[in-house]
Amino acid sequence: MNHPSPPPTLGLAACLVLATVVGACAAPPGDPLPSVVGPGDDSEGLSGHSVVLDEVTRTWSAYRPPGTALDPAAPVLLVIHGTGDSGSGIRHGIGPELERLADRHGFSIAYVDGHQNNWNECRREGDWPAKEKGLDDVGLMREVIDSLDTTGPVYAVGFSSGGHMAMRLALEAPDLVDAVAAVAANPPTRRNLDCPADGEAVPIMFVQGREDTINPIDGGEVRVGSGVSAKSRGDVLSAVDGAAWFADRNGVAGDGTVPPGHTDGDAETITWEGLDPVRLVMVDRVGHSFPTLSGRWDGDGGAEYDAPGEIWRFFTSAAP
């Protein structure tokens with residue numbers, strides 16, 4: 001699929017100025033940083049890139065397995081980190097799992113850096129540099145894809161605040177992304193949503209930990225940090241209500257009832273089937289984390305669930 005970069009409309013420009021962000025500047029703790037050493041920045045197949053956008057130098061790194069760079073139809077996966085992290089940081093956390101998948105299935109990965117470690121996404125509440133500057137982070141993702149010169153499908157996965165940025169791509173850039181996934185990020189409530197929600201549908205998958213104290217699975221206020229330094233990101237829907245909201249938007253909600261879930265080990269999966277499906281996976285014994293089979297992410301001791309593999313399988317089945 002070709003992914004042209006259309007000229008910005010007045011509506012999009014207004015949203016970019018008003019849209020909220022996902023992270024905090026100088027980042028109070030909240031989104032956990034990986035505590036294990038991952039792949040090095042000099043790994044074979046990894047290259048660094050930059051562009052000046054909104055008078056700010058933006059950066060990302062791209063991992064391309066052997067042969068993928070020669071295939072213009074190879075898929076691309078955008079990986080979007082959480083508040084206080086970086087593209088390199090999330091790569092060190094889940095890169096080994098993602099890059100094994102890339103080697104096996106022949107897709108490229110772009111680890112994108114937020115401005116001062118945060119993003120300009122769709123939550124109304126919160127203030128940090130990317131939001132204060134009104135940065136065009138959707139435009140940044142277009143630049144990233146253009147740099148890879150692909151005509152293949154484009155997918156995006158984000159963790160925490162990066163999950164909200166992935167949701168923004170689904171809401172504002174359905175021409176760019178074929179499917180997205182949000183890990184540890186429930187959709188914001190209507191009062192906390194500051195992006196249009198009337199565009200074309202995009203398949204979306206959510207992965208949520210049942211013990212997440214930052215992004216509560218039952219909904220409510222998201223707070224990053226602790227004590228007097230804690231910062232509010234406003235309210236989010238519950239995991240089920242948020243997925244159901246996207247299912248209604250995507251035209252796959254049926255009669256409005258929640259489909260029966262399927263439990264396999266530590267994970268319960270609910271899927272709203274249809275042309276643009278929505279999937280919610282709720283994992284036991286997992287907090288504000290990105291669950292993997294290796295349990296690498298932050299060594300949190302939670303359930304071992306193959307989120308990278310299941311997300312990729314959802315992407316290729318929902319939007320092949």
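**A tour from Arg168 to the cores**

Select Arg168, which is found in helix 5. Helices (H or I, at least four residues) and strands (E, at least two) are DSSP runs, numbered from the N terminus. This is a predicted model: local features need pLDDT of at least 70, side-chain atom pairs count only at pLDDT 80 or more, and totals for chains, interfaces and linings use all residues. Residues are numbered from 1 along each chain as its sequence is written, and side-chain values use heavy atoms, leaving out hydrogens and water.

Is Arg168 buried or exposed? Arg168 counts as buried because its relative accessibility is 0%. Buried means under 20% relative accessible area, exposed over 50%, partly exposed in between (1.4 Å probe, protein chains only).

Next, select helix 6, residues 239–249. Its buried residues are Ala239, Gly242, Ala243, Phe246, Ala247 and Arg249. They sit on the same side of helix 6, because they cover an arc of only 165° around the axis. The arc is taken from the directions from the helix axis to the C-beta atoms. Show what covers them, including helix 5 (161–172) and strand 7 (204–209). Then step to Gly251, which follows helix 6 and has a positive phi, near 75°.

Last stop: the largest nonpolar core, with 48 residues. Such a core is a set of buried Ala, Val, Leu, Ile, Met, Phe, Trp, Tyr and Cys residues joined through side-chain atoms within 4.5 Å. Select Met141, among those with the most contacts inside this core. Contact means heavy atoms within 4.5 Å. Beyond its neighbours within four places in sequence, Met141 is in contact with residues including Leu78, Trp119 and Leu176.
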